[in-house]
Amino acid sequence: MPDKYHKELQETVAQVRGLLEDLLQLGVVEVPMGPDPAARPPCRLDERDSSTNCRAETLEEIRADLGNCQRCALSKRRNHIVFGTGNASARLVLVGEAPGRDEDQQGLPFVGEAGRLLERILFVMGFNREDVYICNVQKCRPPKNRDPLAEEIAACVPFLKRQLAALQPQVIVTLGSFAAQTLLDTPQPISGLRGHWQSYAGIAVMPTYHPAFLLRNPAAKREVWEDVKQVMTRLRQGDS
Ligand code: URA
């Protein structure tokens with residue numbers, strides 16, 4: 001260790017020793033450390049905003065609660081639950097609609113053709129998929145990729161909301177109309193929502209087109225690029 005640091009360390013140790021001796025002279029024989037935050041139980045859904053006696057859930061706890069989910073009929077035909085993947089400390093979370101065939105087979109979100117396009121979009125933003133967190137509103141594949149039914153959405157959305165509460169990202173990007181309309185609880189079409197900042201539970205939300213839509217309508221990539229630029233600016237602002 002360089003002399004300079006060695007001297008600083010010796011001084012710090014001497015200061016701490018002096019402080020402890022002072023406390024001892026005052027009759028203080030133990031120093032309360034306060035409750036260990038990790039020892040608090042995770043908040044239940046109904047106490048999430050108000051209670052300080054509980055802590056935010058972890059993604060692992062939410063996944064464990066989802067278990068071998070049978071909460072709706074989609075469970076009967078699925079191969080895998082697609083919970084979500086990526087960086088649990090990510091500042092950017094991407095939310096899609098529901099797993100397709102490839103995702104259902106692998107248990108991972110956005111691993112098919114739309115996923116490859118999504119990875120290219122992330123690349124131009126300066127991210128790999130491991131840097132961000134990617135998930136869907138629905139965790140199980142609807143047959144023939146049909147739109148999810150109201151009861152399927154009602155069963156699954158609480159898990160997405162718990163994931164977002166655990167992640168607390170700086171920005172959420174919703175991909176396609178279903179994710180935007182469900183998370184923002186609005187019937188507005190994606191053409192009107194995209195490109196405009198929204199808010200969900202205090203988190204900035206940028207709705208944009210779904211990569212599967214871009215595969216069918218490559219001209220819309222221009223608009224997605226505009227949306228992505230806004231997201232990059234916002235994330236950079238969070239850096240300062
Ligand atoms: N489309 C989605 O919305 N999500 C996926 O995971 C794959 C395709």
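Q: Leaving aside its neighbours within four places in sequence, which residues is L122 in contact with?
A: This is a predicted model. Set aside the neighbours within four places in sequence, and L122 is in contact with L92, L94, F127, R129, V132 and I134. L92 and L94 point one way from β2.

Q: Where does L122 lie?
A: L122 lies in helix α4, which spans residues 113-125.

Q: Is L122 buried or exposed?
A: Compare the relative accessible area with the cut-off. Buried means under 20%. L122 has a relative accessible area of 2%, so L122 is buried.

Q: How far apart are L122 and V228 in sequence and in space?
A: Read both separations together. In sequence, L122 and V228 are 106 residues apart. In space, their C-alpha atoms are 9.0 Å apart.

Q: Among contacts in the protein chain between residues at least 6 apart in sequence, what percentage join residues at least 24 apart?
A: For contacts between residues at least 6 apart in sequence, the figure is 66%.

Q: How many helices and strands are in the protein chain, and what percentage of its residues count as buried?
A: The protein chain has nine helices and six strands. It has 240 residues, and 41% of them count as buried. The chain exposes about 14,100 Å². Carbon and sulfur atoms supply 52% of that area.

Q: What is the order of the strands in the sheet?
A: Start with how strands join. They pair through backbone hydrogen bonds, either parallel or antiparallel. Here six strands form an open sheet with mixed pairing. The order is β1-β3-β2-β4-β6-β5. β1 (85-86) and β5 (198-200) stand at the edges. Each has a single partner strand, so one side of each is left without a neighbour in the sheet.

Q: Which pairs run parallel or antiparallel around β2, and how many bridges join them?
A: β2 pairs with β3 (residues 133-136) in the parallel sense, over four bridges. V93 stands opposite Y133 in β3. β2 and β4 also run parallel, joined by four bridges. There, L94 has V173 of β4 as its bridge partner.

Q: In which sense, parallel or antiparallel, does β6 pair with β4 and with β5?
A: β4 and β6 run parallel, with five bridges between them. L175 has T208 of β6 as its bridge partner. β5 and β6 (residues 203-208) pair in the antiparallel sense over three bridges. In that pair, Q198 stands opposite V205.

Q: Which residues point each way from β2?
A: In a regular strand the side chains alternate between the two faces of the sheet. In β2, L92, L94 and G96 point one way. V93 and V95 point the other way. Five of the five residues of β2 are buried.

Q: Which residues of β6 lie on each side?
A: I203, V205 and P207 are on one side of β6. A204, M206 and T208 are on the other. Both faces are covered, and six of the six residues are buried.

Q: Where do F110 and Q168 lie, and is each buried or exposed?
A: F110 lies in the loop between α3 (101-106) and α4. Its relative accessibility is 5%, so F110 counts as buried. Q168 lies in the loop between α5 (150-167) and β4 (171-175). With a relative accessible area of 53%, Q168 is exposed.

Q: How much space lies in the largest pocket, and which lining residues are the closest to its centre?
A: Rolling a probe the size of a water molecule over the atoms shows where empty space is left. The largest pocket holds about 690 Å³ of space. It is lined by 27 residues, and A98, A114, N145, H210 and A212 are the closest to its centre.

Q: Which helices supply the lining of the largest pocket, and how do its residues divide by nonpolar, polar and charged?
A: α3, α4, α6 (177-184) and α8 (211-216) each supply at least two residues. The largest share, four residues, comes from α8. The lining divides into 12 nonpolar, seven polar and eight charged residues.

Notes
Residues are numbered from 1 along each chain as its sequence is written. This is a predicted model: local features need pLDDT of at least 70, side-chain atom pairs count only at pLDDT 80 or more; totals for chains, interfaces and linings use all residues. Side-chain values use heavy atoms; hydrogens and water are left out. Buried means under 20% relative accessible area, exposed over 50%, partly exposed in between (1.4 Å probe, protein chains only). Contact means heavy atoms within 4.5 Å. Accessible areas come from the Shrake-Rupley method with a 1.4 Å probe; for residues, only the protein chains shown count as cover. On a 1 Å grid over the protein atoms alone, a cavity is a set of points where a 1.4 Å probe fits but cannot get out, and a pocket is an open set with protein on both sides within 12 Å along at least five of seven lines; lining residues have an atom within 4 Å of a point. Grid points are joined across faces, edges and corners, and a volume is the space filled by probe spheres set on the points. Ala, Val, Leu, Ile, Met, Phe, Trp, Tyr, Cys and Pro count as nonpolar, Asp, Glu, Lys and Arg as charged, and the others, Gly among them, as polar. Two strands pair if DSSP finds at least two bridges between them.
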